[in-house]
Amino acid sequence: MTLSKYEYSMELLAAMVCKTIADWKKSSPIAAFDSFIKSKTAKMLFDDRTAFWCNGPDYIADEYERECSASAT
């Protein structure tokens, strides 16, 4: 299976976001990936209609943190 350049960008960004989240939370990248991939933020990232993948990994990680904070309250 060949990924399009957009799919490749989305997957690369997801990996970068998970690394950022793991660093912030002092957790493993696997735990960060498991949490992130189930989030609404990840769904937005992998929905090519939103063009959310045009943002950088820190922006996407911040959005994920906002999502987590909102669901905790």
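pLDDT is the predictor's confidence in each residue, on a scale from 0 to 100.

View 1. Mean pLDDT for the protein comes out at 92, with 99% of its residues at 70 or more. Going by helix, confidence is lowest in helix 1 (residues 5–25), at a mean of 93, and highest in helix 3 (residues 40–45), at 96. A bit of housekeeping: this is a predicted model, where local features need pLDDT of at least 70 and side-chain atom pairs count only at 80 or more, while totals for chains, interfaces and linings use all residues. Residues are numbered from 1 along each chain as its sequence is written, and side-chain values use heavy atoms, with hydrogens and water left out.

**View 2. Four helices, no strands.** The protein has four helices and zero strands, so reading along the sequence simply gives α-α-α-α. Here helices (H or I, at least four residues) and strands (E, at least two) are DSSP runs, numbered from the N terminus. The C-alpha trace spans about 35 × 25 × 20 Å along its principal axes.

View 3. Of the 73 residues, 26% are buried, meaning under 20% relative accessible area, with exposed being over 50% and partly exposed in between (1.4 Å probe, protein chains only). There are 9 positive and 11 negative side chains, and the centres of the two sets lie 3 Å apart. Lys and Arg count as positive and Asp and Glu as negative, leaving out His and the chain ends; each charge is placed at NZ of Lys, CZ of Arg, CG of Asp or CD of Glu.

**View 4. Thr20 and its contacts.** Thr20 sits in helix 1 and is buried, at 13% relative accessible area. Leaving aside residues up to four places away in sequence, Thr20 touches Asp58 and Ala61, a contact being heavy atoms within 4.5 Å. Across the protein, 57% of the contacts with a separation of 6 or more join residues 24 or more positions apart.

**View 5. Leu12 and Pro57.** Leu12 is in helix 1 too, and counts as partly exposed at 41% relative accessibility. Its C-alpha atom is 9.3 Å from that of Pro57, 45 residues apart along the chain.
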